[in-house]
Amino acid sequence: MLLHEQYLMLYNRFSDESDSRRPIEVTLDDLSSALFCTVRNAKLILRKLVEEKLIEWLPGRGRGNYSQITFNEAKEDLLVDLSVGLAKNGEYKQAFELLSGYGQDTYAKDKFLDWLNGHFGYKKEEGMEGLPASDMLIFPVLHSPRTLDPAEANYAFDTHLQRQIFDRLLSFDEQLGRIVPGIAHHWNSDKDATEWTFYLRKGVRFHHGQELTSKDVLFTFERLRLDTQNQWLLREVQQIEALGSRVVRIRLRKPNRIFDRFMCSVAASILPYGLAGQDESVFWRLPIGTGPFSVVSYSKHRIELAAHTNYHQGRPYLDGVEIVIMPEDCDPESIGYPAVLHTWGRFRQEEQDSNVEERGALEKLRQACTLLSWNVNRKGPQQSEAFRRAVRMIIQPGEMIAELGGARILPAFGFRPDESHTRVIEPLRPERVRAALKEAAYDGTVMHLSVFDKYREDAEWIQARLADWGIRTEIQNYKIWEEADFTLSSIVLAEDEVCEIETYENQSSVLRKYLDEERLSWITARIDDALCADLVETRRMILREIEQYLRDEASVIFLHHRQLNTFLHPFVRGISLNALGWIDFKDVWLEKHD
């Protein structure tokens, strides 16, 4: 690769673009200067370039006489070939850096992006030496998962990958709207909902071939109960015991009528006993589960999954999935939206319009919302409820949606879009804002707003709106969000009630970090009341009460719900967006191939 870059350095310095094959007169001193090396090293580089047939070299006779160099490879074609080669090896960042460094005044980047869009999607790769063809799904993401450990999961993409790798005792079927068997084929509880028994399937095997037993379930749950982000899931567990190799009983200190729903949570994914004899640091490089796909490689550039051929619920149609992790500084707008690229950022309506006849569009209103949360554990104006209410009145979600557009489609009044549909936006009343700011005695203190890059546009809109009222805001990097005055985030309710509870109880969630102990204690007590309730309506009412409390005192300001979008080739079947907004890989299959 270095030799090709040296070729491009010389090409940029000496080539005649009007006739790239015309011999150019140069001296060795000129070449060494262009290559930033000695004359001796320049001669060595020239020899290698000639050997690779990249150039032709006719040395001048006598000291000081001009030599002649002819460039055999057109820069644009070479750049495209080199960038494609880097991308195929997972070195996407290097490919973009190469194009940025040497692609000026060429169409190399455009050609590379055309190839890249064709590279992603559903592929049928012909087998080697008589082996059958394999069906692959290749798609890009802009950020790598933060963890593949279900006990530490708190982000939608991480959770989605964990669903592909691991299984749980039970699953929640979104389409049926009910709990269905998973690793456990049957389960029951006593009348008080304090004792739950799970009966495990025979023949459920981990990716390394070992059969799953009660021993694995006990190990997983005892590990989860330790100092993990998702220990809340087993907060009221008193005892976990094996009644046999395939029967597990869990006793609770308090009733939990939806404990079976808790067992559907990704955080309750079952791991092999003792992490299959590996240390934690080794195991999570290539984690082992019982899910439909196994991890075959995991690096900062890509994640490769292979079908679990002995999967107990049926082998996936896809043979593999390759997840390409794009450079962090690669704006999705610059690479376009390939057919299966799920974007959490801007949605390009014009692309949807231009491709509607060629590709089917799946759309789903996301069971989540984007919200603003105040850090009431930090000193500052946000300690005043009047100040928080003033900001809530200033930020008009309907106007944000109208001005920013994109995937923002519905003003949020709570976590769920179905409830937001029934609410009416109150118009801005300046006199009430002024009264609230006067009551809060706001003194012009700068408020620090920490956001992920994907919320930058929302943050800048909020910053401008607050500035109109004299509220000064500084936008900071998301990495210091725990020390900020407020932040923007999204909460995804993939498992309905359980995920709403997780919003308050996950150790690394924004609300858990930002709310004080008094508020959290009250919320925990109300959650316990909800879990004791026999009726869904009663639980829903109690959880809505928590949501209403946070909204009324403006500890949380709900902003908007987003539309999920993805584009699919018409021959792709078995596709649906799950509650996390991703495609479940196991259900994908191809109707036919061109």
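A residue counts as buried when its relative accessible area is under 20%. The close-up views below are taken from a predicted model.

**View 1. Arg-408 at its place in strand 17.** Strand 17 spans residues 408-411. The relative accessibility of Arg-408 is 7%, so this residue is classed as buried.

**View 2. Polar partners of the Arg-408 side chain.** The side chains of Arg-408 and Asp-458 are joined by a polar contact of 2.8 Å. A polar atom of the Arg-408 side chain also lies 3.0 Å from the backbone oxygen of Gly-405.

**View 3. Surroundings of Arg-408 beyond its neighbours within four places in sequence.** With those neighbours set aside, the residues in contact with Arg-408 are Ile-401, Glu-457, Asp-458, His-560, His-561 and Arg-562. Asp-458, listed here, is the residue whose side chain makes the 2.8 Å polar contact with that of Arg-408.

**View 4. Packing of helix 4 against helix 5.**

**View 5. Residues at the contact of helix 4 with helix 5.** Helix 4 contributes Lys-75, Leu-79, Leu-82, Ser-83, Leu-86 and Ala-87. From helix 5, the contact involves Tyr-92, Gln-94, Ala-95, Leu-98, Leu-99 and Tyr-102. By class, nine of the residues in this contact are nonpolar, two are polar and one is charged.

Methods: Residues are numbered from 1 along each chain as its sequence is written. This is a predicted model: local features need pLDDT of at least 70, side-chain atom pairs count only at pLDDT 80 or more; totals for chains, interfaces and linings use all residues. Side-chain values use heavy atoms; hydrogens and water are left out. Axes are lines fitted to C-alpha atoms, for helices over the stretch in contact, and angles run from 0 to 180 degrees between N-to-C directions. Helices (H or I, at least four residues) and strands (E, at least two) are DSSP runs, numbered from the N terminus. Contact means heavy atoms within 4.5 Å. Ala, Val, Leu, Ile, Met, Phe, Trp, Tyr, Cys and Pro count as nonpolar, Asp, Glu, Lys and Arg as charged, and the others, Gly among them, as polar. Buried means under 20% relative accessible area, exposed over 50%, partly exposed in between (1.4 Å probe, protein chains only). A polar contact is a pair of N or O atoms within 3.5 Å; within protein, one must be able to donate a hydrogen and the other to accept it, and residues adjacent in sequence count only if both atoms are side-chain atoms.
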